[in-house]
Amino acid sequence: MKSNLIKFVAICLLSWTIIPLIGQNTSNHGNKFEQLGTVLPDGNVYRTMDGAPGPQYWQQRCDYDISCTLDEENQRLTGEELITYYNNSPNTLKYLWLQLDENQHAADADNLRFDPSSIRDAMDENALRRLELWRETEKYGHNILKVADANDDPLEYMINKTLMRVELPEPLRTGETFTFKVNWYYNIIDRVNTPASARGGYEFFEDDENYLFTITQWFPRLCAYTDYEGWQNKQFTGRGEFALTFGNYVVKMTVPDDHIVGSTGECLNYHEVLTEEEMNRLKQAKKSGEPIEIVTLDEAKKKSKKKSAKGTKTWIYKADNVRDFAWCSSRRFVWDAMIADNYGKDVMCMSYYCNEAYPIYRRYSTKATKHTLDVYSKYSIPYPYPVAISVEGQNGMEYPMICFNPGRAEEDGTYSEQAKNSAITVIIHEVGHNYFPMIINSDERQWTWMDEGLNTFLQFIAEQEWDNNYDSGEGPPHMVAEYMGQPKDRLEPIMTNSENIVGFFQNAYQKTATGLNMLRETIMGRELFDYAFKEYCQRWAFKSPTPADFFRSMEDASGVDLDWFWRGWFYGIENVDISLDSIKWFKVDLENNPEKREYVYKQNIEEPFEHITKKRYKEQDHPFVVDQDKELQDFYTYYEPWNTEDSIFEYKTNLYEEQYSDSEKQQLFGDKNYYQLHFSNKGGLVMPVIIEWTYEDGTTEIERVPVEIWRKNENNFTKVFVKNKVVKGIVIDPYRETADIDESNNNWPVKELPSRFQVFKAHQASPDNMNMMQKAKKRGKIIKP
């Protein structure tokens, strides 16, 4: 009878030169799959090892009562504030640190001097102005007029650029509060024409000589004091944003009486500042599922021409449990609003915009705001605030319940598709910041990715759920491949401090969002990811998470070990480049199977070696358990095979036992195709291997090899795939899921990939695109391709 050993014959060798392995002189087994261990801080009573707030978690609170006056003629803001600080920490505090963010624009600000510069062959006026920024900012920055306790007794204070330390008259112990006053003023910066960075300020419209004010980072406010860092008193240089404390606000803004004010919170005195007609429209909007114009375009235009302000009005807003406060003011505003149901709670979605943005904002802004709340609430937590506002301010910046975005049309009222999508993208992104970091209150000064990256990830999902044809720039893994393929000296880990990031957008926004999208779609799957992500959001809503809290929560709630991913994607700079180096195709040879063979194994039995431990126990006459207990003794206790005449034992065995008949082997193996693929890890970053098989009959199959295939050898592996059909083509990562930087080594047969220009040209010249562009031009809706 024939044996069960089956012989293979190589049908075809399909291979190309294998690139030398990475790290030839090092072990193939590195640390990519080791646990993060000491990389993460230990769990404690404030933050547990599973990523949740601990039983003794605490955070500070700070309440503000602010009155301010906007001087439009002189572009100046003056304010008085009453601050109540709650010490919920277990520590006694001797002083308080406040942020003076407007000092970012002061003449002595470090950020106006610390960037390298050089002379180029041709430089425009703004480039030359940036060489000496401090000369243009001499009049800017906070002017502190008074710091006093609740009884108006002066308090000692010291200003260190964008920070102010206030000395407490007595130590502030656990559970105690301290109330004090700060009076100030500052000159509002022209945020559009300044060569320096400005998140807030004014924009001047020359055609009607009116202003649009966006008032942000405007009042002295408390720095965060946390269990993981103490005071977050890093200087504000314009890059790393904010670390803030939750509290309740009442803010009174006195502005020209023909201005409209939009703000964080809810207005307490609409009946005093709006006309009767505006109040009626507002009441309609509170019942309408479509945006209602509370201030119409015609009314905004008339006010802009008249400038009919005869005095001032004071708008009063209240906001509870927010970490910041911002507002806007202008007579040029159109204002629309609608009601939205968010998990059983009414939310007023509103937009403020000038006539330049009317064609885009009237149609899209408020509905995009509502859509953002719908999507983000589905994947994180229900929106907890009563209002969500989008303001067209020709920039992008976020604050609780209010954000500022771009979105202006051309002078003739038409707009390009790019302008429309840019507006919608930024609206979704900035409204989305209500969740990260306004509710899930991470420290932006240290970790930009914790708000920008997580927010950009959900922005991508919101864009996809907005329109199936939406062209998202952040989220798809292949979009970050070019950045990750750069030379290593141009890259840094996601876990880089906010102030030190070189590729700021690509690193903190794009790479983080891409990584989360890969976890959701490729590594964890949507069900596990969505559950874990929502769990993280629920745990840390209105609290202050750290990166370790996020990493641990995602693993704890999903049951998936992701340390390899955090280590590679967040702490490293390696890229993904998995190369398909060779293919061998085999069929079984049932005609030439080896005969049944019998093997004889011989074993010499030698006297056991007496090692030092055994020797010393004998010398000490140790009472061995087996010697003392006769029940434990048997034949082998005194048997000495090395002293027998025949000390060589023979074992006979049949190496291959017969299991199947010839007909069974033919049925099981005869028609199968065995493809042996060899892969190498050229980029260094491990990822699951996704294979698309194309068969001779035209059908395709997707096969996924788990990332653990790289555990024993991080540089390369060989794996056999058994197929019932003949393969005619193989593609690695066919849906571009893993951010592979080199797709030229992902195919068999090898394909010559088109250049970016060829792809762009083909797309632009396609008949469908040409017809759509011609129709759009005729409709007057699009003026640019």
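## Burial in the predicted model

A residue is called buried when its relative accessible area is under 20%, exposed when that area is over 50%, and partly exposed in between. The structure described here is a predicted model. By this scale E521, at 34% relative accessibility, counts as partly exposed, whereas R520 counts as buried at 5%. The two residues form a salt bridge, in which the closest N and O atoms are 3.4 Å apart.

## The chain as a whole

The chain has 785 residues, of which 51% count as buried. Its secondary structure consists of 18 helices and 33 strands. The chain exposes about 38000 Å², and carbon and sulfur atoms supply 48% of that area.

Contacts can also be sorted by separation along the sequence. Among contacts in the chain with a separation of 6 or more, 76% are between residues 24 or more positions apart.

## Salt bridges around R281

The structure holds 40 salt bridges, and R281 takes part in a salt bridge with E277 as well as in one with E299. The side chains of E277 and R281 meet with an N to O distance of 3.3 Å. Both residues belong to helix α3, which covers residues 276–285. Because E277 and R281 are 4 residues apart in that helix, they are separated by about one helical turn.

In the salt bridge between R281 and E299, the closest N and O atoms are 2.9 Å apart. Here R281 lies in helix α3 and E299 in helix α4, which covers residues 297–306, so the pair ties together parts that are 18 residues apart in sequence.

## Accessibility of the partners

Is R281 buried or exposed? R281 has a relative accessible area of 14%, which is under the 20% cut-off, and therefore this residue is buried. Its two partners fall in another class. E277 has 42% relative accessibility and counts as partly exposed. E299 is partly exposed too, with a relative accessible area of 26%.

Elsewhere, salt bridges that share partners join four residues, R191, E203, E392 and R408, into one network.

Definitions and conventions:
Residues are numbered from 1 along each chain as its sequence is written. This is a predicted model: local features need pLDDT of at least 70, side-chain atom pairs count only at pLDDT 80 or more; totals for chains, interfaces and linings use all residues. Side-chain values use heavy atoms; hydrogens and water are left out. Helices (H or I, at least four residues) and strands (E, at least two) are DSSP runs, numbered from the N terminus. Buried means under 20% relative accessible area, exposed over 50%, partly exposed in between (1.4 Å probe, protein chains only). Contact means heavy atoms within 4.5 Å. Accessible areas come from the Shrake-Rupley method with a 1.4 Å probe; for residues, only the protein chains shown count as cover.
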